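Please examine the structure shown below, with attention to its charged side chains. The paragraphs that follow lead through several of their pairings.

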Amino acid sequence: MQYCYLNGKIIPLSKAALSPKDLGILRGYGVFDFLRTYNGKPFLLKEHLARFKNSARILNLKIPISQEKLEAVIKKLIKKNKFKESNTRIVLTGGPAEDGLTYNPKNTTLYILNWPYHAPPPSFYTKGVKLITHEYQRQTPRAKVLNYAPAIALQEKKKKASAVETLYTQGSDLLEAAMSNFFIFKKDTLITPKDNILFGTTRNFTIKIARGHFKIEQKRVLKKELNFATEAFITSTTTDILPVVRIDNKIVASGKVGKNTKFLMSLFKEYAEKN
């Protein structure tokens with residue numbers, strides 16, 4: 001049996017239900033965060049919860065339990081489900097609203113889902129992957145909000161292009177991927193966008209471990225810079241560091257996974273497994 005947490009209780013997932021009048025359903029008014037385990041332990045838990053708290057603050061949502069209690073619930077749920085490795089999604093919405101609009105801070109909905117983690121195919125890491133681009137910018141980039149409509153709408157297009165992710169652009173700028181952050185190398189300089197994006201927890205961790213090994217630039221990144229990129233990769237909770245060798249019809253540098261990306265992948269795995 002699979003379990004989840006809903007408004008104060010851990011219950012069978014099959015018995016969980018939300019009100020049809022919940023503002024998360026009616027208006028998309030809510031935030032979430034997403035983490036995975038390494039060796040059965042939640043990875044970067046405090047960092048994910050700090051971002052969750054910040055997302056809630058931006059939308060003026062009140063988290064109904066303390067961070068300490070939230071940590072304990074997540075660990076208890078992971079233990080109860082007994083998956084070897086798992087993903088966890090923490091969701092906070094505005095809760096039920098009779099008029100479908102008015103938010104009551106005392107009536108939020110908090111639920112947590114936990115399910116088995118399945119790693120991407122090994123070939124993604126040895127051969128690299130393809131991205132497609134799409135003109136879009138998050139409305140509230142610093143908050144991890146529920147609205148992922150563009151990402152969902154582009155799933156079929158992405159599949160037809162044999163791509164694994166969609167890289168969002170705005171005018172002449174490269175931003176982030178639908179569920180990942182984007183990086184390029186110019187030789188030994190690691191570059192990533194810093195404005196109008198969601199700061200991924202895996203992004204921040206990658207920057208942290210890269211310090212001391214590479215020069216790092218967080219700045220505006222233009223599309224034309226792809227012409228000079230020697231390597232590229234994306235980062236996310238489910239993929240860690242995933243090398244990118246093609247964007248639309250453009251091959252990145254040699255079209256092979258670069259040595260700096262391989263080094264960071266190895267370093268990331270070393271740090272994560274010490275979790």
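**Charged pairs in the model**

Asp-240 and Arg-36 are both buried, where buried means under 20% relative accessible area, exposed means over 50%, and partly exposed lies in between (1.4 Å probe, protein chains only). This is a predicted model, in which local features need pLDDT of at least 70 and side-chain atom pairs count only at pLDDT 80 or more, while totals for chains, interfaces and linings use all residues. Residues are numbered from 1 along each chain as its sequence is written, and side-chain values use heavy atoms, with hydrogens and water left out.

Side chains of opposite charge can pair when their charged atoms come close. A salt bridge is a side-chain nitrogen of Lys or Arg within 4 Å of a carboxyl oxygen of Asp or Glu. The structure contains ten salt bridges. One of them joins the side chains of Asp-240 and Arg-36, at 3.7 Å from N to O. Asp-240 belongs to strand β15 (residues 240-247) and Arg-36 to strand β3 (residues 30-38), so this pair ties together parts that are 204 residues apart in sequence. Helices (H or I, at least four residues) and strands (E, at least two) are DSSP runs, numbered from the N terminus.

A further salt bridge connects Glu-176 with Arg-138, whose closest N and O atoms are 2.8 Å apart. Glu-176 lies in strand β9 (residues 173-177) and Arg-138 in the loop between β7 (129-135) and α5 (149-153), 38 residues apart. Both Glu-176 and Arg-138 are buried.

Lys-215 and Glu-217 also meet through their side chains in a salt bridge (3.5 Å, N to O). Lys-215 is exposed, with a relative accessible area of 52%, whereas Glu-217 is partly exposed at 25%. Finally, a network of salt bridges links Lys-186, Lys-219 and Glu-225.
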